[in-house]
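Thanks, everyone. Let me put it on the screen.

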Amino acid sequence: MPDTNPLDDPAADPFAIATAAAADIARLTGVERHDIALTLGSGWGRAAELVGETIATIAATDVTGFSAPALEGHVGTLRSVLTPRGKRVLVIGARTHFYEGHGPRRVVHSVRTAAASGARTMVLTNGAGGINPHWKPGQPVLISDHINLTGASPLEGATFIDLTDLYTMRLRDLARTIDPSLDEGVYCQFRGPQYETPAEVQMAKTIGGHIVGMSTALEAIAARQAGMEVLGFSLITNMAAGIQTTPLSHQEVIEAGREAEPVISDLLARVIGAL
Ligand code: HPA
C-alpha cells in the first residue's frame, strides 16, 4: 500500500491538517466536539468500553493525516464515547510511534487533532519498563514528568514552550482520589524500537528516570503546545533491561498488558469519569 500523507510535505501546515482531521471526525462520528482525548497504549485497550457509551467507531485511516497501524495489537480506530456525566471522549486507538521513522509531525497528529476537535485534556497511556525496584509488572503508575531522549521535538522553528508541571499535579492528585495507592515516576522516552541496553537503563536511572518507553513524551509536548492539560499513565509491563535478569520480549509485554487490562482499564475509566 503506498503511504502518502499530507504531513510529509514540509510546506504543509500541521495545524491546518489537524483542523481538517477534526472536521473528518465530526462528520464521520456525528459528534461535533470532544472534551477529553485518550490515547490507548499496550494493556489499556479495554478502557474504551468502560469509559461510557460508544457513539461511533471509525477507522483512523479515514481521517486526514492518520497512518495505518504499524503494529499488531494496535487497533487503528478512533471512537467517540459519551461518559455517564455527559463528557465527550475521543478514544485514540491509533498511535504512530517515533520509531516508525515518519517524524514527529505524524507522531503528534492525533494530539493536535484532538485539540482541534475541542479537547482540553489529553490522557496518554502506555506500556513501559520499570526501573523502580519496588514496582511489579502489571502495576499502573502515574507519569510525573518526562525526559525526552529521542533528540526530536514536535515543535518547529523557534517555538519556546514551557513544560513546567506538564503532567499536571492537579490531574495526578485527581487520579489518586480514585486510587490512593498509585505511585508515580519520570518517564524516559527512547527512540526504540530496540529495547534499551542495561547500560542505557542505568543512564536513565542516573539522570532521574523511573520508567522507560518509546512513546508519550513527544505527544505530551504537543499537547502542552496546544494548551491541553496532560495526564499520563504507564503500565509497567516488565522490569527494564538489566533490572530484570531475563531477556525482554514483545510477547511478554503483550501478555502483561493482557493480564493487567481488566484492572487498569477499570481504574482509567473511573479516573476519566472524574475529570
Ligand atoms: N522499554 C521500552 N519500551 C517498553 C518496555 C521497555 O522495557 N516495555 C514496554 N515497552
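Start with strand E5, which gives the largest share of the shell around the ligand, three residues. Strands here are DSSP runs of at least two residues, helices (H or I) are runs of at least four, and both are numbered from the N terminus. Before going on, the ground rules. This is a predicted model, so local features need pLDDT of at least 70 and side-chain atom pairs count only at pLDDT 80 or more, while totals for chains, interfaces and linings use all residues. Residues are numbered from 1 along each chain as its sequence is written, and side-chain values use heavy atoms, with hydrogens and water left out.

Back to the shell. Which elements supply at least two residues each? They are E5, strand E8 (211-213) and E9. The residues around the ligand include Gly-127, Ala-128 and Gly-129. Tyr-195, Glu-196, Val-212, Gly-213 and Met-214 are also among them.

Now the polar contacts. For these, a pair of N or O atoms must lie within 3.5 Å; within protein, one must be able to donate a hydrogen and the other to accept it, and residues adjacent in sequence count only if both atoms are side-chain atoms. A ligand nitrogen sits 3.5 Å from a polar backbone atom of Gly-129. At Thr-237, a side-chain N or O atom is 3.4 Å from a ligand nitrogen. At Asn-238, the corresponding distance from a side-chain N or O atom to a ligand nitrogen is 2.7 Å. Taken alone, the ligand exposes 260 Å², and the protein buries 94% of that. Those areas come from the Shrake-Rupley method with a 1.4 Å probe; for residues, only the protein chains shown count as cover.

What does the record say? In an unreviewed entry, UniProt places the feature "binding site" at Glu-196 and Asn-238. The two are spread over 43 residues of sequence, yet they cluster in space, with a largest C-alpha distance of 12.3 Å. One caution: UniProt positions follow the numbering used here, feature names are shortened, and annotations may be inferred rather than shown by experiment.

Take Glu-196. Its place is the loop between strand E7 (184-189) and helix H6 (198-206). Is Glu-196 buried or exposed? Buried, because its relative accessibility is 7%. The cut-offs: buried is under 20% relative accessible area, exposed is over 50%, and partly exposed is in between, with a 1.4 Å probe and protein chains only. Beyond neighbours within four places in sequence, Glu-196 is in contact with Phe-190, Val-201, Val-212, Gly-213 and Ala-241. Contact means heavy atoms within 4.5 Å.

Asn-238 belongs to strand E9 (residues 229-239). Asn-238 is buried too, at 3% relative accessible area. Not counting residues up to four places away, Asn-238 touches Ala-128, Gly-129, Gly-130, Pro-137, Gln-244, Leu-248, Glu-252 and Val-253.

Stay on E9 for Gly-232. Gly-232 counts as buried, at 2%. Gly-232 and Glu-184 are 48 residues apart along the chain, with C-alpha atoms separated by 9.7 Å.

Next, helix H5 (residues 169-178). Its buried residues are Leu-171, Arg-172, Leu-174 and Ala-175. What do the buried residues of H5 pack against? Strands E5 (121-130), E6 (139-148), E7 and E9, plus helix H8 (250-274). The face turned away from the buried side carries exposed Arg-170 and Thr-177.

Back to E5, for Thr-125. Thr-125 is buried, at 0%. The Thr-125 side chain reaches the backbone nitrogen of Gly-41 at 2.8 Å. Residues touching Thr-125 include Trp-44, Arg-95, Phe-233 and Leu-268.

Last stop, Ile-272 in helix H8. Ile-272 counts as buried, at 1%. Leaving aside neighbours within four places, Ile-272 is in contact with Ile-36, Leu-38, Val-51, Val-89 and Val-123.

That's my tour. Questions, please.

Technical notes: A residue is near a molecule or strand if one of its heavy atoms lies within 4 Å of it.
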